[in-house]
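Q: Please take a close look at one chain of this model. I would like its fold, its extent, its core and its contact with the partner chain.

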Amino acid sequence: MKYWRISSWSYSAQRIFIICAFSIIPLALLFTFAYLPVINMFKYSFTDWNGYSKRFDYVGFDNYTRIFSDPEYFKVFIVSLYYFVATFVQMGLALYFATILSFKIRGKNFFKGILFFPYLLNGVAIGFIFLFFFKPDGTLDTLMQAVGLGQYTQLWLGNPNIINVSLAGASVWRYMGFNFIIFLGAISSIPKDVYEASDIDGANRWQQFRHIILPSITRILQLNLILAISGAISAFDIPYIMTDGSNGSMTFVIQTVHLAFKYGKLGLASAMAVVLLLIVILVTLVQRVSMKGEE
Amino acid sequence: MNVNQFKYTIASIIKYVSLILAAFIALLPIVVILFASLKTNAEYANSSPLAPPANWLNFANYAKAFVDGNMLVGFKNTIIILIISIVGATLTGSMIAYVLDRFKFKGKKIMVAAFLLATLIPSVTTQVATFQIINALDLFNTRWAAIVMYLGTDIIAVYIFLQFLGSISSALDESAMLDGASYFTIYWRIILPLLKPAIVTVIIVKGVNIYNDFYTPFLYMPKTDLQVISTALFKFKGPFGSQWEVISAGIMIAIIPTMIIFLLLQKYIYNGFAQGSVK
């Protein structure tokens, strides 16, 4: 019986056992749900498979040429630009509020909590909250009428020229708090005496921001920017829940999901997913390499 | 009042005005939903969205949303998935982190790289192919579909544990080995308890992600019995169409748990996200 107690084994036997036993499940999960889909996706992208029938044919690069030649498929990249620009607004606001809240200020914890809170909310709830916010005679219209801007109200979600601005705005509302809290954490890890020394030297707040805060959070800033760019290209939740891609709000991922699960064009959808994956990996690698170069 | 003082006062005013404005923008969209959720149907139709409800204790919409919207089922499924996924992620994540941090062996570098590289893959892009795998494993329309996805594709737990383990001295392991403790005992009795702060971070980061995730349950668990909070709420879009007072109550029911947890655990939540994001 004693043999079955692991503690009676030699350490070298235990070592082999524990390495295998502790790795097998995490590795199996990682392979099955992270890598296998990528491998399959590449394979499907060269086929005309509809996702359920028994047979399919290989069609070479047809799906890829279609994505880049048919405007219906590549115009979704233009929609990404709205979210991309919104990303910079989001970063700017987050940095501004993180900076002013890192100095002595009244009601610090209150403002910190309120600015961060939207990030924690359920995505579907946020979608509905902003449907109500933007609907005719909804929150925004009523507010504008109340302050005398009534004649400028729009069909925020009905006008194809504005819809992506509205949706990107909702996205800024949702994600700004995340960047804010990360920046705030990074800024507050700067030692206090650095500020005190610069105070003695007569530095003003702007100079402190420019020469103390900004340099010490460059890395975090870059990292967040990359995450946000990948996020902009893969925008899905908010536009899917709110408009399902109608009125010109179709994003890359909504398009992919529709093609794969609604129209049975799994081959084409896979090609789109491959393109998206390559873009995200490229952006991330560029950032990692440029960050290494600075160290 | 000299020029400097004047500048300082102006800066102060701008600072507070911008903060109050931001707080207003952050809260207003939610507050109007709270107002709407407490109004009767006629009251909602005849009042401005910005007007508070006549009766602050009118919970009729909440009862309707909760019962007709099947939100109890949603909460039940969300909690089951949440608990199994978090316990699973804590165990698998800490096990692999223990092996990768404490042992040297052939293929270790490749394993670390495999976990690192996986963070680059946005899971939303690979759904087209993941669907076939879930189907082949016969997991479609079961809770396990969501659970295995949360365990397999969200590598954040492994990261947090690896980072934290690096700061726990291996002298502890060695002295336990002198007492004859097995590697498993070292993991279970020494490493796992010491990982407690990291476990709190994992619970918070994964908990928020899972509670708010819409995509996975929507795609893999369409059955009504299996709906989670997100998908239960999403279904309000059809039958309640323009009954915004009921939809608003549904929204509030979905966000009240988040609000309570946030108020209770603020400090841990800030730290959790600050740590969880630094890769």
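A: Chain B has a radius of gyration of 24 Å, whereas a compact globule of 279 residues would have one near 19 Å. That radius is taken over C-alpha atoms, and the globule rule is 2.2 Å times the number of residues to the power 0.38. Along the principal axes, the C-alpha atoms of chain B fill a box of roughly 75 × 70 × 35 Å.

This is a predicted model: local features need pLDDT of at least 70, side-chain atom pairs count only at pLDDT 80 or more, and totals for chains, interfaces and linings use all residues. Residues are numbered from 1 along each chain as its sequence is written, while chains are lettered from A and ligands numbered from 1 in the order in which they are written. The average pLDDT (the predictor's confidence in each residue, from 0 to 100) is 89 for chain B, with 98% of the residues at 70 or above. The model has an ipTM of 0.90 and a pTM of 0.89.

Chain B holds 14 helices and zero strands. Both are DSSP runs, numbered from the N terminus: helices are H or I of at least four residues, strands E of at least two. UniProt, in an unreviewed entry, annotates residues 75–265 of chain B as "domain: ABC transmembrane type-1". UniProt positions follow the numbering used here, feature names are shortened, and annotations may be inferred rather than shown by experiment. That span is 76% helix and 0% strand, and its end C-alpha atoms lie 20 Å apart.

Now the packing. In chain B, 41% of the 279 residues are buried (20 or more other C-beta atoms within 10 Å of their own, with C-beta atoms placed from the backbone). Among contacts in chain B with a separation of 6 or more, 76% join residues 24 or more positions apart. A contact means C-beta atoms, placed from the backbone, within 7 Å.

The largest nonpolar core has 163 residues. Such a core is a set of buried Ala, Val, Leu, Ile, Met, Phe, Trp, Tyr and Cys residues joined through C-beta atoms within 7 Å. I251(B) is among the members that touch the most others, as are I129(A) and F180(A). Beyond its neighbours within four places in sequence, I129(A) contacts P29(B), I30(B), I33(B) and I251(B).

Last, the partner chain. The contact takes 66 residues from chain A and 66 residues from chain B. On the chain A side, helix α1 (residues 11–44) gives the largest share, 19 residues.

How values were computed: A residue is buried if 20 or more other C-beta atoms lie within 10 Å of its own, exposed if 12 or fewer, and partly exposed in between; C-beta atoms are placed from the backbone. Two residues are in contact if their C-beta atoms, placed from the backbone, lie within 7 Å.
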